[in-house]
Amino acid sequence: NDACTAQDTCSAVGACGGLPKNCSDNDACTADICDPTSGKCENPNFVTLKQGFETDLDGFTANSSNAQIKWQLSSKQASSGSKSLYVGNIAGSGAHSYNFGPALATATYKSVTIPSTAKKAFVRFKYRFDNAEPAGCSNLPLPSDRLQLLVNGTVSEETCTKTTGYEQIEFDLKDHIGKSVILALRFIANLNANNGEGAWVD
């Protein structure tokens with residue numbers, strides 16, 4: 001009794017099924033959903049949040065334990081457009097660095113509710129990380145400098161390795177469909193001489 005299938009048949013062992021109803025509207029920006037009770041097709045728009053960081057922090061709130069190392073806009077490196085979100089220190093000369101001692105700097109995005117009708121949900125961003133430590137997230141003798149993605153306060157992804165350009169991080173949010181999520185970017189610098197430039201997100 002599934003209104004979203006046609007030509008339903010049942011095998012001798014009682015396995016039943018049919019051809020799924022085609023609800024495609026040939027629009028890549030909408031979901032294709034069939035109501036199994038009514039058989040009605042629905043094509044809601046995907047909910048997207050795209051941050052460009054061209055004029056401000058685009059809904060992010062920044063704070064840091066070290067006033068010299070903070071999240072801010074930078075025009076030195078950008079994956080697209082003319083600016084990106086940068087964590088570190090920008091000198092009057094334009095030089096970028098995070099060699100100012102230990103820091104914990106966080107950029108937190110406002111709460112977002114993922115619709116219960118969503119078929120997929122994920123967060124994706126590009127980052128560039130310039131640090132001076134060995135590759136990998138070692139905790140000895142001190143925790144490596146690192147860039148983290150937090151979902152509702154839990155570390156979901158992190159990287160500690162220097163990149164030569166922008167690389168992409170994507171995290172599946174399917175377990176949060178129908179719920180509210182708070183996304184945050186966190187940068188941690190240790191006590192070592194941090195001779196890199198910092199990290200950019202776009």
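**Note on the disulfides, core and selected contacts**

1. Cys137 has a relative accessibility of 33% and therefore counts as partly exposed, since that class covers the values between 20% and 50%. The model under discussion is a predicted one, and every value in this note should be read with that in mind. The partner of Cys137 is Cys160, to which a disulfide joins it with a sulfur-to-sulfur distance of 1.9 Å. Cys137 sits in the loop between E11 and E12, while Cys160 sits in the loop between strand E13 (154–159) and E14, so the bond ties together parts of the chain that are 23 residues apart in sequence. The angle about the S-S bond is 100 degrees, and the link of Cys137 and Cys160 is right-handed.

2. How many disulfides does a search of the whole structure find? The search returns 3, and one of them is the bond between Cys4 and Cys34, whose sulfur atoms are 1.9 Å apart. This pair links distant parts of the chain, with Cys4 in the segment before strand E1 (5–10) and Cys34 in strand E3 (residues 33–34), at a separation of 30 residues. Because the torsion about the S-S bond of Cys4 and Cys34 is about -95 degrees, this disulfide is left-handed. Cys4 and Cys34 are each buried.

3. A disulfide is also formed by Cys23 and Cys41, with their sulfur atoms 2.0 Å apart. It links distant parts of the chain: Cys23 belongs to the loop between strand E2 (16–20) and E3, and Cys41 to strand E4 (residues 41–42), which puts the two residues 18 apart. The link of Cys23 and Cys41 is left-handed, with -70 degrees about the S-S bond. Are the two cysteines buried or partly exposed? Cys23 is buried, because its relative accessible area is 6%, whereas Cys41, at 26% relative accessibility, counts as partly exposed.

4. As general background, nonpolar side chains in soluble globular proteins tend to be buried together. When residues up to four places away in sequence are not counted, Val201 touches Phe53, Trp71, Ser84, Leu85, Phe125, Lys126, Tyr127, Leu147 and Leu185.

5. The count of aromatic pairs comes to 5. Among them is the pair of Tyr98 and Phe187, which is edge-to-face, with 5.2 Å from centre to centre and 85 degrees between the planes. This pair links distant parts of the chain, since Tyr98 is in the loop between strand E8 (96–97) and E9 and Phe187 is in strand E16, 89 residues apart. Tyr98 has a relative accessible area of 0% and is therefore buried; Phe187 is likewise buried, because its relative accessible area is 0%. Elsewhere, ring pairs link Phe53, Phe60 and Tyr109 into a cluster.

6. Gln72 deserves a separate look. This residue is found in strand E6 (residues 70–74), and with a relative accessible area of 17% it falls under the 20% limit and so counts as buried. What lies 3.0 Å from a polar atom of the Gln72 side chain? It is the backbone oxygen of Gly88. Leaving aside neighbours within four places in sequence, Gln72 is in contact with Leu57, Ser84, Leu85, Tyr86, Gly88, Asn89 and Ile90.

7. Asn63 has its place in strand E5 (residues 60–64), and because its relative accessibility is 45%, Asn63 counts as partly exposed. Apart from residues up to four places away in sequence, Asn63 touches Leu104, Ala105 and Thr106. The C-alpha atoms of Asn63 and Leu104 are separated by 8.5 Å, although the two residues are 41 apart along the chain.

Conventions
Residues are numbered from 1 along each chain as its sequence is written. This is a predicted model: local features need pLDDT of at least 70, side-chain atom pairs count only at pLDDT 80 or more; totals for chains, interfaces and linings use all residues. Side-chain values use heavy atoms; hydrogens and water are left out. Contact means heavy atoms within 4.5 Å. Helices (H or I, at least four residues) and strands (E, at least two) are DSSP runs, numbered from the N terminus. Buried means under 20% relative accessible area, exposed over 50%, partly exposed in between (1.4 Å probe, protein chains only). A polar contact is a pair of N or O atoms within 3.5 Å; within protein, one must be able to donate a hydrogen and the other to accept it, and residues adjacent in sequence count only if both atoms are side-chain atoms. Rings of Phe, Tyr and Trp (its six-membered ring) pair if their centres lie within 6.5 Å; planes under 30 degrees apart count as stacked, over 60 as edge-to-face and the rest as tilted. A disulfide is a pair of cysteine sulfur atoms within 2.5 Å.
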